[in-house]
Every structure is written in C-alpha cells, then in structure tokens.
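Here are my notes on the model, written as numbered points. Please have a look at the structure first, then read on with it at your side.

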Amino acid sequence: MTVSLDLSRRPAPQPGPKSLAGLSIPALKAEMEALGLDPKQAGMRAKQLRRWIHHFGANDFSVMTDIAKELRAALGEKYILSRPEIADHQVSKDGTQKWLTRFAPGVEGESVYIPDVGKAGALCVSSQVGCTLNCTFCHTGTQALVRNLTAQEIVQQVLITRDALREWPSSMEDRLLTNIVFMGMGEPLYNLDNVAEAIDTISDGDGIAISRRRITVSTAGVAPKIPELGQRTGAMLAISLHATNDELRNELVPLNRKYDLKTLFEAIRAYPGLGNTKRVTFEYVMLKGVNDTLAEARDLVRLLKGVPAKINLIPFNPWPGSPYECSDWETIEAFAEVVNRAGYASPIRTPRGRDILAACGQLRSESVKVRASELRRQQQEAASS
Ligand code: SAH
C-alpha cells in the first residue's frame, strides 16, 4: 500500500540566514537597525562591516576586531557572509574564466573574467537572468527573462571573482581585476535601480574600490534611461549598435522599433560629461553578408560624427543553432580600415573564451521562470525528501 501525504498546507521552509556579502551601505544600515541598533550606531556599524566585507573580503565575523564581541555574536547568529553557490566554473585555454552562479533555486546567471582587458582584467557581469530583448544574433536572447538580479547579487559576482583571484584586501597596487563591464546577461537599463546601487558599492573607495571610470554599462538602446544612467552612476556608456539604418536595426535589435536611431542618438548626446576622456563605446557585431559592407563602414563613421566615440568591431561568436555566420577576416579588416582612417584606433575585438561559450553573446543558462506557487511546491518537495 502506498501512502500519500498532503504537503500543500505545510508552511514553506524558512530561508537560511541572510548573507551580508555584497550589500550596499544603506542596505547594511537597514539590517543593523533591524537588529535593534539606533540609526547613528547602525550607520557606524554599516561602515565598519562594509570595510571588513568589501575591502578585506572577510567571510567570518570573528576577524572583525573593532566590533564588540557581543555584537559579533549577535551578527553571527542572524547573518552569514557567504557568497551564492557556484553551480559551474570553467577556465578557457586563453585564461578566460566563466562562473555560473546559483543566486536562488532555479535562478542561475553567468559572469566572465577576461584577463588582459582594460587596465589589467575585466569582469563581465550579468544584470538579469535571461533577457526580454530578443536580439536575433544573441544567445541570451533565446532565453526568456527569469528575473532582475538584486544589487547584492550583482556585487556578489565581483566578490566571487575576487575570491578566485585571491585579491583581498582590495587596495593592492597590481590588481588582476581592474574593470567591470555590464555586458553579461540582461539589459542593465531595465534594472537601473539595482545596477546603480551595485555601482555605488563596487566603486566605494573603502570597499571594492573600482572607480566609476572603469565601470562600463552596455545597453541595446533604452533611450529614455541613458542620460539618467550617467547622472546616477557616472559610469562609462557602451551602445550595442550593430546596424547603421533603422530597417536593419529593427531586425537585429528589435528594441529599435521602440527607440529608433534618431531617438537613440539624441539620448547619447545628452549623456553627461562626454569628451575626449569620456567616450561612448559603440559595439558592432560583424555578421557575414548582413551588416559588413564598406558602405556600412562609411555610414557608421558618418553616424558617429560629433559624438566622442570608440568603436569595437566584434567578430560574431556562434552558438548552437545560431542563424548567422561571422564575417570573413578580410571583410572585417577592410571594414576596420575605413573606421581606422576616420581616426578610431584598433577597433577589432579579439574573441575571448569561445571554447567555453564565454564570449560576447554566448551566455545562456538553463534557468526558466517559475511561478511563485510552483517554486514553493518544489521547495516543499525538496525539504520533505
Ligand atoms: N543588453 C545589453 C548588455 C549585453 S552586452 C546590450 O545589448 O548592450 C552583450 C554584448 O555582446 C552586446 O554588445 C551584444 O550585442 C553582443 N553580442 C550578443 N551576441 C553576440 C554574438 N553572438 N557575437 C558577438 N557579440 C554578441
């Protein structure tokens, strides 16, 4: 005889203790107030915690010698300092590293560390799991949006990389991780509140201390949010352009039907602080027979006239089932030559980490959106098995 249990009325299992790793100063302060500290004390403790967690990389409260023993004990009871679980970690033969991080059950996103990019090395972080944009050449575009990542989850991707590179404390002179690019999964400007809070934490000089000038946010062109991004974060701007006319761009980047090139360029020109030392990066993926003629190279130069710009020509990175091919190398070089003659230096970006599907546009996780009720059911099942 089989016995079946009705689990539907059982309360959902309590989530484990909350991690403080990756929280912003305001979020840490709110936690300290929840612990019963008055606002002034809470503010002070938040700053101490920030230094231990984001400057020294602490993962144990016992090292926090300037915090009273009783408070350390109270912290240890309610909180942890761990990072989310790493579901997968791969290293490419060119040194590129890719992490698949499990932020929550069924919510997994990728980050990629690329050595010798930027000043010394860049981390490409995800801002969402999945994406809503459906750009036809992008692997992430084939995965529906699961959810926005929180500010904490974005910062935790940096902590995981710092752990792996053993770069604590963060004040080291010759760092391996010097630049952050929001070019992983998702559209950062559809999650601007969390991206802005994460940038505050990453650039905090008493914490992770990566300057805003070394943080780049890439967008497919959410025009109304572009000037706001600059005002709120002071970050560098990158635009995924890929086409020089609306007809083709509508096809490759469907978001262009909402914000066409004219609207996009008005927004770009309104980005605060642009000049010779603060240029917009334009990304242009080279698709064979689609957007790679010399006439388009000249159109590109014309389109960027008057905008302080850098150009990145990205050889198309294939992924399983992708509907495009990468332009021939001679075509890319001829295209680059036109761009070069117009005064833009070394514009071809060498693909990195292709062997582990870590290159631009190859990121995709198996996560799917699950209804909250279904998630509770799965958790209950897991807890009772
Ligand atoms: N949604 C944002 C952030 C993602 S950035 C944006 O679109 O800018 C990821 C970059 O990789 C973008 O410039 C994207 O256009 C580019 N990309 C996507 N798929 C690619 C592929 N298969 N090969 C090369 N570059 C690709």
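1. Helix 3 spans residues 69-78, and its buried residues are L71, R72 and L75. Buried here means under 20% relative accessible area, exposed over 50% and partly exposed in between, with a 1.4 Å probe and protein chains only. Helices (H or I, at least four residues) and strands (E, at least two) are DSSP runs numbered from the N terminus. The buried residues pack against helix 1 (25-34), helix 2 (39-55) and strand 2 (79-80), where contact means heavy atoms within 4.5 Å.

2. A word on how to read this: the model is predicted, local features need pLDDT of at least 70, side-chain atom pairs count only at pLDDT 80 or more, and totals for chains, interfaces and linings use all residues. Residues are numbered from 1 along each chain as its sequence is written, and side-chain values use heavy atoms, with hydrogens and water left out.

3. Helix 8 (residues 261-269) is worth a similar look. Its buried residues are L261, L264, F265, A267 and I268. They span an arc of only 155 degrees around the axis, so they sit on the same side of helix 8. Their packing partners are helix 6 (226-233), strand 11 (236-240), helix 7 (246-252), strand 12 (280-286) and helix 9 (294-303).

4. The domain assignment gives domain 1 (18-80) and domain 2 (99-370), with bounds from an automatic or database domain assignment. The contact takes 15 residues from domain 1 and 16 residues from domain 2. The domain centres, taken over C-alpha atoms, are separated by 33 Å.

5. Which residues touch the most other members of the largest nonpolar core? Among its 104 residues, they are L20, L49, M64, F137, I180, F182 and F282. Such a core is a set of buried Ala, Val, Leu, Ile, Met, Phe, Trp, Tyr and Cys residues joined through side-chain atoms within 4.5 Å. Helix 4 (residues 151-165) supplies the largest share, 7 residues, and the core draws at least three residues from each of domain 1 and domain 2. Leaving out residues up to four places away in sequence, F137 touches H242, L252, V253, V285, L287, F316, W319 and Y324.

6. T161 is in helix 4 and is buried, with a relative accessible area of 0%. A polar atom of its side chain lies 3.0 Å from the backbone oxygen of Q157. Beyond neighbours within four places in sequence, T161 is in contact with W99, Y113, L123 and L177.

7. N179, in strand 9 (residues 179-182), counts as buried at 14% relative accessibility. The side chains of N179 and T178 make a polar contact (2.7 Å), meaning a pair of N or O atoms within 3.5 Å; within protein, one must be able to donate a hydrogen and the other to accept it, and residues adjacent in sequence count only if both atoms are side-chain atoms.

8. Finally, the ligand: of the 22 residues around it, S218, S240, H242, N317 and G361 come nearest, a residue being near if one of its heavy atoms lies within 4 Å. A side-chain N or O atom of S240 is 2.6 Å from a ligand oxygen atom, and a polar side-chain atom of E283 lies 3.1 Å from a ligand oxygen atom. A backbone N or O atom of N317 lies 2.8 Å from a nitrogen atom of the ligand.

How values were computed: Arc of directions from axis to C-beta.
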